[in-house]
Amino acid sequence: MTDTLGRTPTLCYIDVGGTFTDAFIVDAEGDYVTGKSPSTHGDMASGFLAAIETACAKWGMEVNDVLPSLQVLGYGSTVVLNAILTRSGRTPGLLTTKGFESILLMERGKQTWVDLDRAARLHPMTHRHNKPIVPRSLVHGVTGRIDCLGREVVPLYEDEVRSGTEALLDGGVDAIVVCFLWSFLNPSHERRTAEIIAEVAQKRGCEVRVVTSVDVSPVIRELPRMNAAILEAYTGDIARGAFRDMQARLEERGFRGELQIMQSTGGLAPAVHVRGVDTVQSGPAGGVIGGRYIGEIYGFNNMITTDVGGTSFDVGVVSGGVLNVNRESSVARMLLGIPMVEILSIGTGGGTIARIEALTHRLEIGPQSAGSDPGPVCYGRGGTEPTVTDADLALGYLDPSYFIGGRIKLDLEAARRAIKERIAEPLGMSVEEAAEGIKTIADAKMRDAISGLIATRGFELSDYHLLAFGGAGPSHMAGYTEGLKLAGIMAFPFSAAFSAFGAAAADYERHYTRAMNVIVPPEASDEVKVELGSQITRVWRELREQGLAQMQREGFDPSVVQFRTLAMIRYGRQLNDLIVDSPVEQLETSTDWDRLIETFEKLYERMYAIAAKYPQAGYEILEVGVVAYTEKIRPKLRAEALGSAKPPDDSLKVPRQAWFGGGWRDVRVFAMTQLRPGNELSGPVIIEDSTTTLVVPPGRRIRLDEYRTMWMEEA
Amino acid sequence: MMMSLKDRLLERDRRMAELGRYEEKLELKERDPIRFELLYSKMVESVTSAHEVARRVSASPMSRELGEIIFGLYTPEGDAVALSRGLLIHVKTMSRMIKWMIENGYEDDPGFAEGDHYFNNDPYIGGAHCPDQMIVTPIWWEGELVGWAGGLTHTPETGGSEPGGFIPFARSRFDEGLFLPCVKVAENDKIKRDLEVLVERGIRSPIYWLTDNRAKITGSQIIREDVKGLIGQFGVDYFAKACREYIEDTRLAAEQRIRKVLPPGTYREVSWRGSMMPGDETLLHGPVAMTVTREGRLNFDYEGMSPAGRHPFQGTLPTIEGLVMNVVIQNLFYDLKHNEGVLLNIGLNVPKGSAGNPSSIFYPTALWGITYGAGLASGQAISRAYYAKGYREEVHATSALSSAYTAGGLDQYGRPFGAHNFEFAAAGLFATAVMDGLDTAGVEFNPEGEMGDAEIWEQMLPPVYLSREIHVDGGGYGKYRGGNGVMSLYLVSGTKDIDIGAFGAAPIYSAPGLMGGYPAGALYMWVGSRTNMHRLIAEGRPIPSGEGEDPAHPDFVEMVEARWELIPGANRSAQPAREGDLFTAMTGDGGGFGDPIERDPELILRDLENQVTTHWTARHVYCVAIDPETMEVDVAATEQLRRKQREERRSVGMPAQQYKARERETILRGDLAKPTARMFHAVLGSSEAFRRAFLEFWGLPESWEMTDPDRDDEEVE
Amino acid sequence: MPEYPDELIRDLLRDGLSSEELEGLQRQDKDEDRFEQVLRLEQERLEWPERILLCLQAHLYVVEKDDGSKVVRCDCGQEFGDYQRNWKESALVFERAGADADAIYRGPRVADPDWSILREFYCPGCATQLDVEVVPRGYPFIFNVELDLGAVELRRQ
């Protein structure tokens, strides 16, 4: 179906955030349009459709015109995260290894402090246990033990499975989670338990969903694995129910495809098949995928994505064209054995509060945030403590009458007053100096987060291009990239909706891993290596088959499915492994082994230091994996011819004064949407559109390339 | 001519003594506070990166899972400027090591070159015991040594007379394992292979030590390179001056904080440990008197501490310093810049020759128990002061002393091994004046306490968990109860050649309660050998999964035929075990707060639901009437029980003066048990202040002398 | 500098704060005037008119009497004598060891009385358990808090 102008919308991605829902729509030509609408958490579909509506209105279209032609409709969902945060999931029961029934109350100790800031971590009085999702009364132990080599030490006492199941069903659970020690190495006890539960339920004439930990998260460490299984039981049905409703609402409006959900690992999966626990970090992955995609367009392998929002600064990394994956994440103070796109998030965003520390008179930024309610002082909604946004306003970077396109009128005087009373006067500074101080420290925190993340991964900044987005990203990019020796710094015209754009560029993707116990002693002979290699080769093959079958079930043509082959390698008895993208798909000869090990050694040396290597200890592979993926239609960036360096006259807005480096300067202001490829602007200059403001200080300049990407360079 | 480090160190001490401050003026801070903070945040970022990277390099669960690791940046004289999170107790220990090398002429021989890495695990130089291992590296800039970077880890095996680093019956330091005091282990950032061989062939599980070394060297290099970058950016003079100002800045803030939140006065606590050396069982006295001065200083006086002896329960001066630093940071200075400045307003008196400051390196410090106790007591003293000032949200009792098992032999993979299970880093925490202590949540020496997953420990050590449970009624009773620790039951499996031991304490109450709360109970360990476990399993009969509700009749003893042995205090030499043997390990529990009969019955109901207390305790200790069927509280019956309890107290309680008169007779008769009598005899002989206080309290004449409790034994021989 | 409403601090003193409220209090900078505020709120609650100078510990206060003497007093009204002397000297004492210890600690949880006993101190007035000392037999009473009250008063000026 085409509209009056002949547009055929083919791709749409909706990113539901805490405050706003973003829509990103692409047509068959690769043209795109963005929209924004308040999130409606009670009735997700309304906000979802409203966001599409505001976007397609820019093309003069209505929702019903857009939906029928869509080939892909993606969704970054907070359904699961919300269910966890508000403790509004189902009622699962738990069968676990006898003697471990209190594991959710003990929380390994770590869950009492894991997400706290430094001061609170060091101050044990502030630590707290979480309220467990499964209460102790709905946990039953079952005798049976597997050891660390996968051997059965104590057989499964099946009568205890039966009595435990009966008790849980009596307790009114609607799902039963099964998590035993070492099940990821030898799942026989968990599998048998699932069978018995089904028998018991059948006998009772009821239905109960069984979730085994080995199926959800087959990796070492029982608490994160158990948490993952519990969250799946707690939220999976709710999520799929919500997605089904959404699908129905969309079909009413003419949508004919299948809704796709963004997973935490950064791939899309059909809503009917997705697991709840894989969508915990559904939204933020989009920005990083977008970074990877932009990298592909430009031919850059290494990208850093930086997203400055209202409450946080999120950094993601793409290295060698691959998203960094964190396998030891935590969500809402729960350790989770589920891989997620690694995103380092620090509490420094527009709404972050600046205050003077009482004892040392030190200016501190965050971690407290005014959030969106009451928000910064200048919002005039009751905020009294100055924030980063207030400082940006006081410095003249933001236009009080053109914030979010003029939808929020900012109160400059209130912001100045708050900065004066709470920061400037105690420090003996002017309001402008104090505001600049707030900005400088906030920028420094963001800069430290970038360099810290890169350094701890052993990477070199000079190999990376940095991409700035998010509502406040372009306002601060000059500050937080200052002094960083990057390969390049880029911003986009649709910064505020970049995450949605990025997610729209995602592939269909499924991750599979399996625990192994492959120990390669330093003195291992070629025969031993070949034997061990065949074990790994077999598992890789099985995982590929599993992936292929799943993708086929989901409707993909097997010929388009591609694979990445992973081995998680460590030196003998180390506890941390590296995910190695294997250069070979099978380990048939000792040469194959050597190529794999060489890849590991190179990565290790780069990540740490030469002195950290320890080949004398041999190697261990305790986990291998496969990523199955297929590409799909993506938004296109359309290149335009480069024009003159001088911006068109109609891009010039009313100039204003802004504070840079200790003084007020007259600053030209441009409309971002009116700038043309080839335009060059030297700082100080401000470039605005309805959702973001790009600040170019003296000494920096902006150049628009053929995609209208804005490159920030030294002047 | 550049000043030598030794002269700089003297100059630093002179400056401190003269000015009473670390740096006279905070010029950089005053000139541009924003720039001042910027540099500091970069330093913290750097030590934090080092910490994160090092965790990934190490093979030791202590470093990787439990965060027993810390990195720091130091001034050329060895004062800490910025620290990562982690084991704050060891901040001062690296500082001590650097100063020791300077004082002992290392600058000339063997010299400090770029790329040198020095190792130390000698606790008399820095650290608490052999497993505390640190590596520091000098940072050079244009021919000048501008600082030090260093990291410390706690390694699970040291090659001692028993496996696992904690040697429960060490009689001298030479039982503890391999000491490498201030030894250069790497040059040009390259580890010396010969020293690796020394470790590879010198201890049971060299992998932990050697990968920890790699972790520390990697982390130190990160800090060193970052610092050079910062100096390039800020200038070397700015950097050096700023380092000194950060320390003074913290000192000033600490002084103001003390003045604000702690009322002047003297606050006293006493902690106890005990040496279980056969034939010489001796209680150890660990008193502390904390004085808050009007000027905002804190003086910790350990006068009266038991003298050092031939047992592993003493610590070194750096240990007490570290513990005090740790205690004041957690209680008072958690939000400041953590560096040497924290300690500059703090005075320490640890009598020379005492178990907190032994006069000879001959004395072992493997378990450093009494210094630990005295450190914890210092935290409780701060709590009393907080209470008096009205900050009840900061008031807490004492947290736990823990035990753990050690093992050595051949592991499940057939490799030689020695290690301990360190899950006790998530023991029961103290009760507070406002809520119950957290169960299985921390320890005093590392606020980020965690126990690691059972699967990680089973990968490292052959015994298999049969249970890992919250210790029922572990925490001290009180209006708010102490946190409960962990109780684990293990089955020996997968190896034919293994020794099992444990380190713990004497059978004492080690975590006192506060203001009417009870202490946590004593530690203990059960060992069942020659069990019928294999038969029970083969026949599908029930096997135990823990202690059950009644520690007097534990489930495992009831269910399993074995030679059962109870070890009060849980201190046990490693002894051979065989497949099918069972044993327990327990962490400590926290002390309680307030009168138990003031406890809200709702809290008891919650504990009953979570199965961490029993109906027996509810009735006998808390005097609450709960119907076990309906789980309802009978309010009237509860009031009745509690009234009766008060009456009971009036009838058994003796007026203090009457009690004193009675006890005085006991003392005059010399009617004290050996462990107690040995303690009094030793302390009265070594501390004049304690002797005077003792005589005065009991109304004894100046001429009174205590009989040596072991005199008779000698005469027999 | 935070200042807290009386209701919040009153709830703190009477165990009425939720875990989240407490966490908020614990994570903020300490309020400057807490000492005065707590004294004022405690004074409101107590049934006797004499001025409290300081809250010594749970149930015990240092009180200034009309005759100018400064004594330790329990909230039930029981007095323990001059604040510069250990209040325990005026309490009821009960040594808990052996069977008495078995009455509340079970099995091996009881410390060996050769090493460690409990000394419980009760208020002779209301029989509240004010302190439990962990000591060996024969150990002097621990004088926990010896105040420099002059300095505290000075700071109040």
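**Chatting through a predicted three-chain model**

Trainee: How many bridges join S30(A) to strand S32 of chain A, and do the strands run parallel or antiparallel?
Mentor: S30(A) and strand S32 (residues 685-688) of chain A run parallel, with 4 bridges joining them. Strands here are DSSP runs of E with at least two residues, helices are runs of H or I with at least four, and both are numbered from the N terminus. Two strands pair if DSSP finds at least two bridges between them.

Trainee: Before we go on, what am I looking at?
Mentor: It's a predicted model, where local features need pLDDT of at least 70 and side-chain atom pairs count only at pLDDT 80 or more, while totals for chains, interfaces and linings use all residues. Residues are numbered from 1 along each chain as its sequence is written, and chains are lettered from A and ligands numbered from 1 in the order in which they are written.

Trainee: Back to S30(A), then. Which residue of S32(A) is the bridge partner of A:Arg668?
Mentor: A:Val685 is the bridge partner there. S30(A), residues 663-671, also pairs with strand S29 (residues 656-660) of chain A, in the antiparallel sense over 5 bridges.

Trainee: What sits between S29(A) and S30(A)?
Mentor: The hairpin has 2 residues between the strands, and A:Gly661 takes a positive phi near 50 degrees.

Trainee: Let's zoom out. How many helices and strands does chain A have?
Mentor: Chain A has 17 helices and 35 strands. Its radius of gyration is 27 Å, close to the 27 Å from the globule rule for 715 residues, so chain A is as compact as a globular protein of that length. That radius is taken over C-alpha atoms, and the rule is 2.2 Å times the number of residues to the power 0.38. Along the principal axes, the C-alpha trace of chain A spans about 80 × 60 × 55 Å.

Trainee: And how much of chain A is buried?
Mentor: 56% of the 715 residues count as buried. That label needs 20 or more other C-beta atoms within 10 Å of a residue's own; 12 or fewer makes it exposed, in between is partly exposed, and the C-beta atoms are placed from the backbone. Take helix H14 (residues 473-480) of chain A: 7 of its 8 residues are buried, so it is largely enclosed by the rest of the structure. Among the buried ones are A:His476, A:Met477 and A:Tyr480.

Trainee: Which domains does chain A have?
Mentor: The bounds come from an automatic or database domain assignment. Chain A is divided into domain 1 (9-83 + 240-279), domain 2 (89-231), domain 3 (285-341 + 462-504), domain 4 (352-442), domain 5 (508-630) and domain 6 (649-714).

Trainee: How many residues of domain 2 touch domain 3 there?
Mentor: 13 residues of domain 2 of chain A are in contact with 7 residues of domain 3 of chain A. Contact means that the C-beta atoms of two residues, placed from the backbone, lie within 7 Å. The C-alpha centres of these two domains lie 35 Å apart.

Trainee: Switching topic: how many residues does each of chains A and B put into their contact?
Mentor: Chain B gives 81 residues and chain A gives 61. On the chain B side, helix H3 (residues 33-57) supplies the largest share, 13 residues. By class, that side of chain B has 33 nonpolar, 23 polar and 25 charged residues. Ala, Val, Leu, Ile, Met, Phe, Trp, Tyr, Cys and Pro count as nonpolar, Asp, Glu, Lys and Arg as charged, and the others, Gly among them, as polar.

Trainee: What about chain C, how many helices and strands does it have?
Mentor: Chain C has 5 helices and 8 strands, and 46% of its 157 residues count as buried. The domain assignment gives domain 1 (1-45) and domain 2 (46-156), with 24 Å between their C-alpha centres.

Trainee: Which strands make up the 4-stranded open sheet, and in what order?
Mentor: The order is S21(B)-S5(C)-S6(C)-S7(C), with antiparallel pairing. The edge strands, each pairing on one side only, are strand S21 (654-655) of chain B and strand S7 (129-135) of chain C. Strand S5 (residues 92-96) and strand S6 (residues 117-122) of chain C pair over 5 bridges, and C:Arg96 stands opposite C:Leu118 of S6(C).
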